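Here are some notes for someone opening this structure for the first time. Have the sequence beside you and take the points in order.

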Amino acid sequence: MVRVEFSERIKAGDPDPGYAVIAARHGQGWLFVRHCKRQTWEMPAGHIEPGESFLKAARRELWEETGAADTDPELVSVYSVEDGTSKGYGCLFFAEVATLDPLPEISEICEVKVLERMPSDLTYPDIQPIMFEKVIMWLRSKGRI
């Protein structure tokens, strides 16, 4: 069983977050990407590089995976995911995307879609719906949806 937990900040003793996940809104829809090695959909995300800030990683991953170059992601929450054998930490962001440029040549993404809701064929079906709902609740708490 997968367990996802959210926190306002990194807790003392926890490892540094290793991932940035971005729920990105474009117009009236949400950006979802398909990695070239998979047939399923996911929110833009990726590893935080050594020495890279969480915010810089979110901007970079959003650009690499969607072509969104001029974004200002907002930190929604720190999260942990535990699957019974390991526990990973990351940062969950929200971003408004005005313009999508072509994907950069370094992208591992084959397809980007703007969808009204989260697709059913997800790469991480036990994790991403929980993260997506966390972003929706965060936006509601700020009066932004």
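1. Let's start with a term: a nonpolar core here is a set of buried Ala, Val, Leu, Ile, Met, Phe, Trp, Tyr and Cys residues joined through side-chain atoms within 4.5 Å, and buried means under 20% relative accessible area. Keep in mind that this is a predicted model.

2. With that in hand, look at the largest nonpolar core, which has 21 residues. W30, M43 and M131 are the members that touch the most others in this core. At least two residues each come from β2, β3, β5, β6 and α2, and α2 gives the largest share, 6 residues. In soluble globular proteins, nonpolar side chains tend to be buried together.

3. Which residues does M131 touch, once those up to four places away in sequence are set aside? They are F6, V21, M43, Y79, V81 and L92.

4. Now for the cysteines. The model has 1 disulfide, and it joins C36 to C110 with an S to S distance of 2.0 Å. The link is right-handed, with 120° about the S-S bond. C36 sits in the loop between β3 (29-35) and β4, while C110 is in strand β7 (residues 109-115), so the bond ties together parts that are 74 residues apart in sequence.

5. C91, by contrast, is buried, at 0% relative accessibility.

6. Next, the largest pocket, with a volume of about 590 Å³. Its lining has 26 residues, and Y19, A45, G46, H47 and Y124 lie nearest the centre. By class, that lining holds 12 nonpolar, 6 polar and 8 charged residues. Elements giving at least two lining residues each are β2 (19-26), β4 (45-47), α1 (54-66), β5 (74-82), β6 (87-96) and α2 (128-141).

7. Last, have a look at G88, which is found in strand β6. G88 counts as partly exposed because its relative accessibility is 27%. The C-alpha atoms of G88 and S53 are 17 Å apart, with the two residues 35 positions apart along the chain.

Key. Residues numbered from 1 in each chain as written. Predicted model: local features only at pLDDT ≥ 70, side-chain atom pairs only at ≥ 80, totals over all residues. Heavy atoms only, no water. 1 Å grid on protein atoms, 1.4 Å probe; cavity = no way out; pocket = protein on both sides within 12 Å on 5 of 7 lines; lining within 4 Å. Points joined across faces, edges and corners; volume = space filled by probe spheres on them. Helix = DSSP H or I, 4+ residues; strand = E, 2+ residues; numbered from the N terminus. Nonpolar A, V, L, I, M, F, W, Y, C, P; charged D, E, K, R; others polar. Buried < 20%, exposed > 50% of the residue type's maximum accessible area, 1.4 Å probe, protein only. Disulfide = S-S within 2.5 Å. Contact = heavy atoms within 4.5 Å.
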